[in-house]
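Q: I am new to this structure and would like to learn how to read its features. Could we take them one at a time?

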Amino acid sequence: MNLKKYLVRALHRLQKGPGYTYKELLVWYCDNTNTHGPKRIIKEGPKKKLIWFFLTLLFASLVFWQWGILINTYLSYNVTSSLSIGFKTMKFPAVTICNANPFKYSEVKHLLKELDRLIEAALERILQPTPGNSSENTSAPLNLELWNQIPLVLIDEHDKDNPVILDIFETNQTAGGNETCSHQGSDNCTYRNFTSAAQAVTEWYILQSTSILSKVPLHERIRMGYQAEDMILACLYGAEPCNYKNFTQIYHPDHGNCYIFNWGMDEEALNSSNPGAEFGLKLILDISQQDYIPYLSSAAGARLMLHQQKSFPFLKDQGIYAMAGTETSIGVLVDELERMGYPYSDCTMNGSDVPVKNLYSQYNTSYSIQACLRSCFQNHMAEICGCGHYMFPLPEGVNYCNNEDNPGWAYCYSSLRSSIKQRQICIDSCKETCNDTQYKMTISMADWPSEASELGFVLYRNGIIKLNIYFQEYNYRTISESAATTIVWLLSSLGGQFGFWMGGSVLCLIEFGEIIIDSLWITIINVIGWCKGLKQRRARARWWRLTPTWASSTSPLLCPGMRRCPPSPAHPHPTMTLCGCSPSTSLGPTAMQRPSERGVLPAANHHRCAACHLLGKCLLSVKIRRELKALAVLSYD
């Protein structure tokens with residue numbers, strides 16, 4: 001019962017509202033608020049009141065301006081980087097080693113025979129431009145099918161405005177360039193200029209060999225590469241011996257067969273027991289330099305890279321060379337990067353929120369931005385060119401490009417590779433990883449084996465490499481990001497500005513919110529009251545028109561000459577009219593009419609009409625007052 005009374009009172013309080021007008025509410029706020037300034041506006045004289053009003057408005061504007069700056073700074077989500085140094089036992093990095101030459105020349109010579117003859121003839125033509133000195137006339141005729149597909153041309157730029165493009169077998173000029181066209185005989189071609197003839201020939205040879213080797217099955221390419229038992233002669237990790245069986249073999253498009261130590265795919269990653277060269281990885285490699293492809297690899301040595309476990313090695317971007325005939329020592333320092341995620345940076349934890357399909361996931365490796373960029377390029381090439389490039393993994397249902405099945409692939413590939421728009425699309429689509437480990441290397445080299453060493457008589461020096469890979473120290477650096485602005489910083493800064501300019505606090509804001517709520521509630525009550533009043537006025541007017549008054553219902557009894565007249569244009573509502581009188585004599589506002597307008601009435605009827613008219617007006621006045629009083633009571637109820 002008490003609860004019901006409480007709810008009824010609460011309902012009545014809500015219906016009543018704050019009980020103030022707008023002016024009373026504003027005066028009450030200025031008189032009772034804890035904010036400095038508003039009190040002086042209502043208590044001071046006219047001049048000071050104007051001054052304090054201006055100062056309050058000025059400082060309130062400054063507060064809102066400062067608040068806007070602080071909120072914008074917070075929403076920019078800036079970060080600060082901190083560097084910390086720690087000491088712990090660390091996992092030894094994964095080590096990938098490859099030969100700089102992807103295939104043994106003895107295994108692929110039959111596939112590159114025609115290409116080698118073309119490149120030899122082209123070099124002879126460039127280096128011996130004088131007619132008659134070339135030996136191409138005495139040799140077997142060249143098969144120019146490969147040449148015509150992607151020709152190597154000469155560009156004469158003596159006239160800068162009108163360069164002359166000439167085939168290398170039809171001129172004795174010595175400038176070089178590479179021509180790729182959408183299809184043979186087409187004018188839609190692109191030219192890539194080289195200042196060095198050797199560089200132009202190498203790039204042309206790589207492009208042509210890519211087309212040839214792309215048609216070779218994967219297992220054949222693995223067989224034609226360098227095998228682990230032939231390449232890895234000796235292995236020692238710390239004090240424990242190891243061999244080629246401790247390495248995981250993968251096929252790398254750039255370098256052929258590559259071997260990874262401590263990749264962590266099949267077994268737990270190895271920890272390093274102590275820093276120093278004696279506790280690292282020691283390898284002796286045989287790169288078989290004498291079996292290199294002549295025009296494909298201009299560098300001789302081993303390509304190696306240190307990376308995290310279960311990550312794919314991108315040796316072309318992050319690898320280093322170890323020179324043949326040397327002992328290379330690599331001291332390693334570890335940097336751990338910890339980036340903050342969204343909204344502070346656009347990084348990803350595992351690549352699941354990246355819109356690009358990772359083609360390197362077939363190796364069961366973790367996400368990296370290099371894998372994303374290459375996957376993005378390969379996907380675009382498969383979509384635009386209809387085939388995939390030999391250097392990247394293939395999307396499902398796509399084949400590698402070659403000159404026979406895809407005559408215009410080189411032109412499409414060159415256009416796509418030089419497209420800034422395509423590059424920017426991939427950059428915008430891919431994200432950096434939030435957590436990353438980088439290995440900083442200190443490299444030193446010495447000739448090995450020495451001429452005085454007994455090994456010098458046993459090993460072929462130009463094909464042997466010794467590697468020492470170890471941690472320099474167990475100290476590692478962690479570069480971590482933290483939020484430059486937090487919610488605590490924002491609240492304290494907002495409160496500081498409010499307190500400095502206006503002497504306010506959180507309670508002052510609550511007071512201000514209170515008068516806003518009261519103002520809204522007053523507005524709602526006023527609107528509801530106005531709507532009710534409008535509804536009542538309409539109902540009153542409708543009742544007044546339709547309900548017969550006491551006078552109109554009793555006048556025919558007192559004045560038998562009165563009757564209800566039908567509506568007319570002049571009188572749209574029914575009226576009471578005296579018998580025999582004109583409509584102008586009806587109850588309500590009357591006008592004096594001339595005899596000609598009233599018509600001729602009998603004298604007796606005229607007097608009775610006038611008497612009844614006066615009596616009806618008196619009765620109507622009394623009844624109207626009673627009905628209005630009853631209507632007021634009904635409206636109040």
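Q: At what angle do helix α4 and helix α16 pack, and how far apart are their axes?
A: Keep in mind that this is a predicted model. Helix α4, residues 46–75, packs against helix α16, residues 487–502, at about 165 degrees, and their axes are 9 Å apart. Angles over 145 degrees count as roughly antiparallel, so α4 is roughly antiparallel to α16.

Q: Is the crossing of α4 and α16 left-handed or right-handed?
A: The crossing of these two helices is right-handed.

Q: Which residues of α4 and α16 meet?
A: On the α4 side they include Phe-59, Leu-62, Val-63, Gln-66, Trp-67 and Tyr-74. Among their counterparts in α16 are Trp-489, Leu-490, Leu-494, Phe-498 and Trp-501. Sorted by class, the contact of α4 with α16 holds 15 nonpolar residues, five polar ones and no charged ones.

Q: Now the strands. What is the order of strands in the open sheet of five?
A: The order is β9-β10-β2-β12-β13, and the pairing is antiparallel.

Q: How many bridges join β2 to β10?
A: Four bridges link β2, residues 94–99, with β10, residues 256–261, and the two strands run antiparallel.

Q: Which residue in β10 stands opposite Ile-97?
A: Tyr-259 takes that position.

Methods: Residues are numbered from 1 along each chain as its sequence is written. This is a predicted model: local features need pLDDT of at least 70, side-chain atom pairs count only at pLDDT 80 or more; totals for chains, interfaces and linings use all residues. Side-chain values use heavy atoms; hydrogens and water are left out. Axes are lines fitted to C-alpha atoms, for helices over the stretch in contact, and angles run from 0 to 180 degrees between N-to-C directions. Angles under 35 degrees count as roughly parallel, over 145 as roughly antiparallel, 65 to 115 as roughly perpendicular and the rest as oblique. A crossing is left-handed if the near helix is turned anticlockwise from the far one by less than a right angle, and right-handed if clockwise. Contact means heavy atoms within 4.5 Å. Ala, Val, Leu, Ile, Met, Phe, Trp, Tyr, Cys and Pro count as nonpolar, Asp, Glu, Lys and Arg as charged, and the others, Gly among them, as polar. Two strands pair if DSSP finds at least two bridges between them.
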